[in-house]
Amino acid sequence: MNTASKSSSVDRRPVTRAAIAAAIIFVVAHVVLLIGITTPDKLYFDEVHYVPAARQMLLPVREGPMLNPMHPPLAKEIIALSIKAFGDVPLGWRYPAALFGALALVAVYLGALALFASQERAIAAVLLAFCNQMLFVQSRIAMLDIFALAFCLFAIAAFLHGFRQQRPHSAFALAGLFAGLASGCKWSGLFVLATCIAIVAVIRVMQGWRTRFADANAEDWYRPDLWPDFRLPHALVCFVLIPSVAYLATFVPLYGLSLSDIIEAQRRIFADNTTSAIAGHTYMSSWPSWPFLVRPVWYLFEKVGDDAFAAIVLLGNPLLLWPALIALIVALRDWIVGRSRDAFLVLAFYLGPYLAWALLPRTLGFIYYYLPAATTASFVLVYALTRKGAPRWLLWAFVAVGCAGFIAMLPVTAAAIGTSMATFNRLMLFQNWI
């Protein structure tokens, strides 16, 4: 009796430690992301599209046409709830972004823990994701991307957990649920769902071909005995039915159970998101340029005093995201030559959400579309920096460098801090960054 009780206690320790660590990450990130979030005290950049749409949702009777119909409603519904709770003020507009930014970091932690089975590596992944600069900026503005990102990261974490299980049904169902909610914020949430489906499909096809590696081992990305009881009906439920129900449910607060209205909403979203843009945009950039941080987006740059400027740029931390490209090559080599499971998974969830943009007919793109891949790049970096034979200090030295780069960029990423023209010129290393 005592032995069984002791064994049960030991089994619960990793779960308890993970829960405590996740709670600490959430609280610390939540507090940090809220500091100075109400600056500026006016709508800026794409807030002018999403906040009015959220306000409209709060009206007893909708007046005029539906605002911002080109995106699904979930993120705007969450912003509307915040406005109702905190008022139609900067905190009301932006609080949900900070909340979901903190949740996104929790999801990074859970995903890295499922992937690497190491608290140290999981914490390092969280710090790298926070310091990539993109997540920080998107967590302090009332746009849709941080909501989609958080749900996508929880979907990835659930899938990574299920990938290692003999019976992944529950984990894959959770992945489908979160992917459906991500798609309810932006259709780009479908990219993570498509990545999950592609992984399962490839493995099932290889199993159908009875593929075997001559010198197979437990760390192979493919095994013929993987998920023996996970059948096609289970896959359809997890990756089609559950995501579809979750996605369509986000439209119910707006349209009730009117099937015709919900279908028309999908037609409008499809039309708006598959039309090639003709007119240029000051900050537009194409998908091949995003990993190289060629063209940032200036969300805010205005004079607030003598040689004092409030500035917010979405660029990405070059001290993290440029080395991530080398880490990708390392992971690619390990997958092809060593058949590494971890290398395969980090590549899949970086390349899936990124390369999907290459398949779309839209010509209008922005670097903030790179946010999901830039965030999962933290997995790739941790993988490359902790390969067998790498010194333990290397990971934390790299984290320290990334944090230093993040701090150096704060004058142009947090409007409340502000910048001088000299600091601005020092940080803008290239002409195309201006």
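Contact here means heavy atoms within 4.5 Å, and helices (H or I, at least four residues) are DSSP runs, numbered from the N terminus. The model is predicted, with local features needing pLDDT of at least 70, side-chain atom pairs counting only at pLDDT 80 or more, and totals for chains, interfaces and linings using all residues. Residues are numbered from 1 along each chain as its sequence is written, and side-chain values use heavy atoms, with hydrogens and water left out.

**View A. Packing of helix α3 on helix α4.** Helix α3 (residues 74-86) packs against helix α4 (residues 90-116) at an angle of about 125 degrees, and their axes are 7 Å apart (axes are lines fitted to C-alpha atoms over the stretch in contact; angles run from 0 to 180 degrees between N-to-C directions). α3 is therefore oblique to α4 (under 35 degrees is roughly parallel, over 145 roughly antiparallel, 65 to 115 roughly perpendicular, and the rest oblique).

**View B. Residues between α3 and α4.** From α3, Ile78, Ile79, Ser82, Ile83 and Phe86 meet Leu91, Gly92, Trp93, Tyr95, Pro96 and Phe100 of α4. The contact of α3 with α4 has 9 nonpolar, 2 polar and no charged residues (Ala, Val, Leu, Ile, Met, Phe, Trp, Tyr, Cys and Pro are nonpolar; Asp, Glu, Lys and Arg charged; the others, Gly among them, polar).

**View C. Packing of helix α5 on helix α15.** The axes of α5 (residues 119-130) and α15 (residues 371-385) lie 8 Å apart at an angle of about 135 degrees, which means α5 is oblique to α15. Arg121, Ala124, Ala125, Leu128 and Ala129 of α5 make the contact with Thr375, Ser378, Phe379, Leu381 and Val382 of α15. By class, 7 nonpolar, 2 polar and 1 charged residues form this contact of α5 with α15.

Technical notes: Helices (H or I, at least four residues) and strands (E, at least two) are DSSP runs, numbered from the N terminus.
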